[in-house]
Amino acid sequence: MAIYYSEEHEWVRVEGDTATVGITKHAADQLGDIVFVEVNEAGEEFDKGDEIGTIESVKAASEIYAPVAGEILEVNGTLEDAPASLNEDPEGGAWLCKIKVSESAELDELMDADAYKAFIADA
Amino acid sequence: MTENPKRTPLYDLHVELGGKIVDFAGWSMPVQYPAGILKEHEQCRTQAALFDVSHMGQVIIEGEGAAEAMEALVPGNITGLKPGQARYTQFTNAEGGILDDLIVSNAGDYLFVVVNAGCRDADIAHMRANLPGHLTLTELTDRGLVALQGPASEAVLASLCPEAASLSFMETIEADVSGIPCRISRLGYTGEDGYEISMPADRAIDLSRILLGHDKVLPAGLGARDSLRLEAGLCLYGHDISTETTPIEAGLQWSIAKRRREEGGFPGADVIQAQLADGPARKLVGIKPDGPAPAREGTEVLNMDGDVIGIITSGGFGPTVGGPVAMGHVEAAYAQPGMDIQLLIRKKARAASVAKLPFVEQNYKR
């Protein structure tokens, strides 16, 4: 199992060819109080960088961009009724979706935990 | 080219309190503090919240006939203001469009005017260009301004300044608060009871610390200010109202007294009088999305046939309502509360309805 991070502040936990995607604690803190989450439906295929959903805080809407190409296998349905859980547990129970990775080479373009830590420290 | 944002007298306190600073209308302002917008919003609805509004312009107009002269620039009833009374009105242009909205107070010997931060320089230039030369106009750049808002505001402020309790909504006095000479006005822009307090800039931090020392008061930033005013159905300049909107289209006819409707004598009076007689072609309305998705500014409003009939001018999540709320301009035929409409949010038409404003009952002490 490996965890990767994107410059869009998403984490990607890979097991086999399935990846669980969420937003980082840093991103959740930056967004502030999250009040609405919407992820595209299971079955949808997308390329890296495509919009696959939206997170809205009280302040503003932020798009969720696909960290790698693939297909949505499952959306975390609990977020619909409890969007605030994204503030409380963004790197645990409040994952956004599971995807089937179609281009595993794209994972190598993402950061590891240390690189991401340095990335947000520089931001 | 962007200039460095300006700082209010409270800037250092915002930083000390952990405020997240953003550039707003050319000013470095706190959008929220560590408690977060939801908590700050709730604090204002249930206890009291302190906002820095020092970025707004404070202006004194002195001289014989100042009230009559101001009436030539705004549709509000300014000559009818008794000493100690304040009134909400708008600067209008020749087309009836709104240049800014403002509060004018009769301070006894002079008019005390508070204008929006973003329009401040233009408003002052407008007044200097259009008010008679014998009037003196002074921009108070050495003053701070805070808004203490919420149901506990009276108890908090009266403990430091007993006179504050005797004010009714839209009344103003000069009084000391803990020995600091202030102008206290019972008004604000959250829908809650509360006060705006103007004080010398070099005492703004002292006074704010005293107010924040009260266990019922927490600091609140621009984020909560925006969600509070939206729920209260209050217009935000540059969004719900602008030079493209008349006071009638914006539902602000209540701010134009009968005498002024009849007599006119303000810029755009012909347009505004015609709209009062015939009704405007479009109106600012409340809009309640049915689902949980907030509709932000710029979202297209559709009728049930899918035709575009308007646009959202302010929208987001209403913490007290517990769901999304919005305001927007729609064709007059669709302005009736309860009408079913649709909102084009992220390319998807979603159900919504026209709603009565305000979303949260205003709680002023009249």
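Residues are numbered from 1 along each chain as its sequence is written, and chains are lettered from A in the order in which they are written. In this predicted model, local features need pLDDT of at least 70 and side-chain atom pairs count only at pLDDT 80 or more, whereas totals for chains, interfaces and linings use all residues; side-chain values use heavy atoms, with hydrogens and water left out.

The size of an interface is often given as the accessible area lost when the parts come together. Between chain A and chain B, the buried area (the accessible area, with a 1.4 Å probe, that two parts lose on being put together, summed over both) is about 1200 Å², and carbon and sulfur atoms give 51% of it. Chain A and chain B contribute 14 residues each to the contact, where contact means heavy atoms within 4.5 Å. The interface holds 11 residue pairs in polar contact, both residues being at pLDDT 80 or more. A polar contact is a pair of N or O atoms within 3.5 Å; within protein, one must be able to donate a hydrogen and the other to accept it, and residues adjacent in sequence count only if both atoms are side-chain atoms. On the side of chain A that touches chain B, strands S4, S6 (51-57) and S7 (61-65) of chain A each supply at least two residues. Helices (H or I, at least four residues) and strands (E, at least two) are DSSP runs, numbered from the N terminus. This side of chain A comprises five nonpolar, four polar and five charged residues; Ala, Val, Leu, Ile, Met, Phe, Trp, Tyr, Cys and Pro count as nonpolar, Asp, Glu, Lys and Arg as charged, and the others, Gly among them, as polar.

Over all chains, the structure holds 22 salt bridges, each defined as a side-chain nitrogen of Lys or Arg within 4 Å of a carboxyl oxygen of Asp or Glu. Four salt bridges are found across the interface of chain A and chain B. In one salt bridge, the closest N and O atoms of Arg350(B) and Glu38(A) are 2.8 Å apart. This pair crosses between chains, with Arg350(B) in strand S20 (residues 348-355) of chain B and Glu38(A) in strand S4 (residues 34-39) of chain A. Arg350(B) is buried, at 15% relative accessibility; buried means under 20% relative accessible area, exposed over 50%, and partly exposed in between (1.4 Å probe, protein chains only). Glu38(A) also forms a salt bridge with Arg346(B), at 3.7 Å between the closest N and O atoms. A network of salt bridges links Glu38(A), Glu56(A), Arg296(B), Arg346(B) and Arg350(B).

Within chain B, a salt bridge joins the side chains of Arg259(B) and Glu71(B) (2.7 Å, N to O). This pair links distant parts of the chain, 188 residues apart: Arg259(B) belongs to helix H8 (residues 258-263) and Glu71(B) to helix H3 (residues 66-71) of chain B. Arg259(B) is partly exposed, with a relative accessible area of 28%, whereas Glu71(B) is buried at 8%. Asn77(B), in the loop between H3 and strand S6 (86-92) of chain B, is in contact with both Glu71(B) and Arg259(B). The side chain of Asn77(B) makes a polar contact with the side chain of Arg259(B) (2.8 Å), and a polar atom of the Asn77(B) side chain lies 2.9 Å from the backbone nitrogen of Gly80(B). Asn77(B) is buried, at 16% relative accessibility.

A further salt bridge pairs Asp226(B) with Arg229(B), with 3.0 Å between the closest N and O atoms. These residues are separated by about one helical turn because Asp226(B) and Arg229(B) are three residues apart in helix H7 (residues 222-231) of chain B. Asp226(B) is partly exposed at 32%, and Arg229(B) is buried at 3%.

A nonpolar core is a set of buried Ala, Val, Leu, Ile, Met, Phe, Trp, Tyr and Cys residues joined through side-chain atoms within 4.5 Å. The largest has 36 residues, and those touching the most other members include Phe51(B), Ile287(B) and Leu343(B). Not counting residues up to four places away in sequence, Leu343(B) touches residues including Ile287(B), Val301(B), Ile312(B) and Arg350(B). A second, separate core of 28 residues includes Ala28(A), Ile64(A), Val68(A) and Cys97(A).

Ala332(B) lies in the loop between strands S18 (323-331) and S19 (340-345) of chain B and is partly exposed at 28% relative accessibility. Beyond residues up to four places away in sequence, Ala332(B) touches Pro280(B), Ala281(B) and Arg282(B).
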